[in-house]
Amino acid sequence: MTRWLVAIVLVLIVGWYLSFTATRLDRLHHRVETSWANLDVLLQKRAAVALEIAHSDIADPASSVLLTAAAYQARDADIQNRSQAESGLSGALGLLLEDSEHLETAADSALLTELSGLTDKVRVAIAIHTDAVARTQMVRRKFIVRLFRLAGTAPLPITYEFEADVL
Amino acid sequence: MLSRSLKIGIVCPYSWDTPGGVQNHIRDLAEFLIAAGHEVSVLAPAIDESKLPVYVVNAGKPISIPYNGAVARVLFGPVAFARVRHWISQGDFDLLHLHEPAIPSISLLACWAADGPMVGTFHAAAKRQKIIFAIGPILEPAIEKLSARIAVSEAARLTLTDHLDTDAIIIPNGIYADRYAHGHSQEKWSGNTIGFIGRFEEPRKGLSILVDALPIISRFAPDVKVFVAGPGEPEEVIKSIDPQLRPRFEFLGKISEEEKANFMSSIALYVAPNTGGESFGIILAEALAGGACVVASDIPAFDDLLGHGEYGALFESESPTELAKVVIDLLRDAEKRKQLSLRGKIHAQEFDWKNVAEKIYSVYEMSIVGSEKVRLASDTRPWNRFLNKEEKS
């Protein structure tokens, strides 16, 4: 009789733990999705500002071409090429900003301020996203999660390369 | 800076009545956010309910426990947990901002109880404790519910990564830089003077280092005077001073914010000889904003805040002779002092609330997604939904 009781309690505890972990994992996946959505919006905005800068007086014709191309690539890239495209845009903006520091005019400096504000936000968004991804990967590596397939059909989140070297 | 008005719940883990860095930070942040048009409710333990500002909700009487080398007035237990849950379910918040969610107090309870957009700020800096192996697994599932983590300094960030294996964004503590920027230089505090502000009775504030350094300093600068401001009984400290040097010390007691501004712009040097336990060093930020030339011990928080010596001079922590050397050198070189305080004053703008709050707010924005609100975690758990076990109080 007691043997059955112990078995039932054990099953209940395991059941509770599984449910707890599944909720935890679900929340983590949710966090990955939302933090990526944030980052995505910010990156889109950055591409838009980059285009504006390309069409303004800040950029000389050569950088303008480079920047326009990079911005379009970043905007249209599919998920596989996204990382490379965003890195490209970061590079192009970096090149331009390096020598534009001394030739700022009042009208254009508004654009550059907007860009630097966005850059700060992108940096924060990346930090939040990478943390969510790392956490999720960690929990999903747990034996019990793999054994009971608690992650269901959710794809394993990955860190994009550009997140390490962006800006 | 603000796109829409938010309803923000802030949880303070420490007793609202006792003065402290975390409480000050929360008070300033809450008032800044309210002034910017947001609705803010702060949940905090308190002893005396009648003295609370309107935006603070009392969570109950705090319990004193020893924590991180000091006595912390925190609050936990089933009654507190029920109050926290009540506050969350009634608050209809867009976002919760939990302070110190890793220490055993109501922030942790709120983190446990709530679901939805949450931001956590970690203030403390401590050495790695072995006990974390035991409590880490309990804390981790709660801490990872936070959509974003903020650390107030590099030291606090390292503490977090050491203990809980998670990263944070660094946003410094805020000060109202303008309040200190326009102090008037006072005759009584000018000359070869050294200033110190803080609870000088606490050993970790390091006043004894300055006391031990004074015999050397006074040999090279015979007219040096030390002004010590802050709450506490000076008798014990005075006893430890060489009788011949006692006239060099003056204890001012607690001084007002306005006096603090005047103080900082009058003294020749501001000395912070803290020996540790400091995570940010708000007083240094205030000293810099007030245009004082700062000398501080090289503990990680101060080293970081002073840009490794760029905005103030550093000396080897707990070494009176090193402190004396740096002080004598600076007292003799007015030009060097001027350079340091000038750079420092500009740097202090970094810590001004308008910059700091903007950074915090952009983290809020990233944590809030769509119109998702904060709710009780138990409402969303499948078995509770199934059993309809709602315990709305």
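Colleague: How many bridges join strand E2 of chain B to E3(B)?

Modeller: Start with the rule: two strands pair if DSSP finds at least two bridges between them. Strands themselves are DSSP runs of E, at least two residues, and helices are runs of H or I, at least four residues, all numbered from the N terminus. Here three bridges join strand E2 (residues 39-44) of chain B to E3(B), and the two run parallel. Within E3(B), Asn58(B) is the bridge partner of Ala44(B). Before you go on, keep in mind that this is a predicted model: local features need pLDDT of at least 70, side-chain atom pairs count only at pLDDT 80 or more, and totals for chains, interfaces and linings use all residues. Residues are numbered from 1 along each chain as its sequence is written, while chains are lettered from A and ligands numbered from 1 in the order in which they are written.

Colleague: Which order do the seven strands take in that open sheet?

Modeller: E3-E2-E1-E6-E8-E9-E10 of chain B, with parallel pairing. Strand E3 (56-58) and strand E10 (169-170) of chain B are the edge strands, each pairing on one side only.

Colleague: And which strands does helix H1 of chain B touch?

Modeller: Contact means that the C-beta atoms of two residues, placed from the backbone, lie within 7 Å. For angles, axes are lines fitted to C-alpha atoms, for helices over the stretch in contact, and the angle runs from 0 to 180 degrees between N-to-C directions. Helix H1 (residues 21-35) of chain B packs on the sheet against strand E1 (7-11), E2 and strand E6 (95-99) of chain B, with its direction at about 160° to that of E2(B). Helix H5 (residues 154-164) of chain B lies across strand E8 (118-122), strand E9 (148-151) and E10 of chain B, at about 130° to E9(B).

Colleague: What order do the six strands of the other open sheet follow?

Modeller: E13-E12-E11-E14-E15-E16 in chain B, again with parallel pairing. Strand E13 (249-253) and strand E16 (313-315) of chain B stand at the edges with a single partner strand each, so one side of each has no neighbour in the sheet. From one strand to the next, the twist averages 25°. Two bridges join strand E11 (residues 193-197) to strand E14 (residues 269-272) of chain B, and Gly195(B) has Tyr270(B) as its bridge partner in E14(B). Helix H10 (residues 282-289) of chain B packs on this sheet, touching E11, E14 and strand E15 (294-297) of chain B, and its direction makes about 165° with that of E15(B).

Colleague: Over to chain A. Which residues of H2(A) are buried?

Modeller: Count C-beta atoms, placed from the backbone: a residue is buried if 20 or more others lie within 10 Å of its own, exposed if 12 or fewer, and partly exposed in between. In H2(A), the buried ones are Leu66(A), Leu67(A), Ala70(A), Ala71(A) and Ala74(A). Looking down the axis of H2(A), the buried residues fall within an arc of 125°, so they line one face of the helix; that arc is taken from the directions from the helix axis to the C-beta atoms. On the other side of H2(A), Pro61(A) and Asp76(A) are exposed.

Colleague: How many helices and strands does chain A have?

Modeller: Six helices and zero strands. As for burial, 29% of the 167 residues in chain A are buried.
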